[in-house]
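I opened my notebook to look through one chain. Here is what I looked up, entry by entry.

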Amino acid sequence: MAASVMPPSWQHLYQHYKARAFTLWLSALLAFSISTCALASDIQDDDLKAVYLFRFALLVDWKSSHQSLSQYHFCVDADNGVSQKLKAIIQQKPQAVFHQIQNTQIQPPGCHIVYSTADQADQVSALKARFPDALLVGEGRRFIRSGGMMAFVRMNNRIKPLINRSHLAGAPFSLRSQLLSIAVIDKEDKA
């Protein structure tokens, strides 16, 4: 007995539905891809850096460098997207205090984290002298080459903290392993 073959009208109908199902599947995949990309782009670099800065205070062993750890003091020397996002985070956290140090001669009480946009060696040295107990965080490899302790860099299209351990030598605090595990160690690090 011969195998049953679909009549031509049925074959045409089957091919039509098969093509239509493939088109719907492809459309669904495209819609999912676009929505995933849109969600990923909702988190901007400034948001991520601000969250990193806030978390850094929790990922450092401050030892005896700061008298009271009931509050963490975050200091910034610029009014930019990162500092604005950090300020918004800190306003919701009772255990954190925000200080703008750009145009003030008043010394904030014990900055834990100093975020700076400086990238000149003399500027970074001045910050180290003014805030000897603080973790100095800035932007890019130039900040690290100028003496900064940690900087935000883009690697593999992601923001990562770059650490120079030799610039941390002698600091009255130490970085916890959780922070070191997410960071990149500077290749020019001599430690």
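Is Asp119 buried, partly exposed or exposed? I found that Asp119 is partly exposed, with a relative accessible area of 26%. Buried means under 20% relative accessible area, exposed means over 50%, and partly exposed lies in between (1.4 Å probe, protein chains only).

**Ground rules.** I noted that this is a predicted model, where local features need pLDDT of at least 70, side-chain atom pairs count only at pLDDT 80 or more, and totals for chains, interfaces and linings use all residues. Residues are numbered from 1 along each chain as its sequence is written, and side-chain values use heavy atoms, with hydrogens and water left out.

**Overview.** I looked up the secondary structure and got 7 helices and 9 strands. Helices (H or I, at least four residues) and strands (E, at least two) are DSSP runs, numbered from the N terminus. The chain has 191 residues, and 35% of them are buried.

**Salt bridges.** I looked for a side-chain nitrogen of Lys or Arg within 4 Å of a carboxyl oxygen of Asp or Glu, which is the rule for a salt bridge. By this rule I got 5 salt bridges. Side chains of opposite charge can pair when their charged atoms come close.

I went back to Asp119, whose side chain meets that of Arg142 in a salt bridge (3.8 Å, N to O). Asp119 lies in the loop between E4 and helix H4 (121–130), and Arg142 lies in helix H5 (residues 140–145), so this pair ties together parts that are 23 residues apart in sequence. Arg142 is partly exposed too, at 45% relative accessibility.

Next I checked Lys49 and Glu139. Their closest N and O atoms are 2.8 Å apart, in a salt bridge. Lys49 sits in helix H2 and Glu139 in strand E5, 90 residues apart. Lys49 is buried, with a relative accessible area of 11%. Glu139 is partly exposed, at 26%.

Then I took Asp47 and Lys85, which form a salt bridge at 3.3 Å, N to O. Asp47 is in helix H2 (residues 45–58) and Lys85 in helix H3, 38 residues apart. Asp47 is partly exposed, at 22% relative accessible area. Lys85 is partly exposed, at 37%.

**H2 against H3.** At what angle do H2 and H3 pack? I read about 55 degrees, with the axes 8 Å apart. Axes are lines fitted to C-alpha atoms, for helices over the stretch in contact, and angles run from 0 to 180 degrees between N-to-C directions. H2 and H3 are therefore oblique to each other. Angles under 35 degrees count as roughly parallel, over 145 as roughly antiparallel, 65 to 115 as roughly perpendicular and the rest as oblique. I listed residues that meet here: Asp47, Lys49 and Phe54 are among those in H2, and Lys85, Leu86 and Ile89 are among those in H3. Contact means heavy atoms within 4.5 Å.

**The sheet.** I traced 7 strands in an open sheet, in the order E3-E2-E4-E5-E6-E7-E9, with mixed pairing. Two strands pair if DSSP finds at least two bridges between them. The edge strands are E3 (96–100) and E9 (184–185), each pairing on one side only. Helix H3 (residues 81–90) packs on the sheet and touches E2, E3, E4 (113–115) and E5 (135–139). I also saw that E2 (residues 72–76) pairs with E3 in the parallel sense over 5 bridges. Val76 stands opposite Gln100 in E3.
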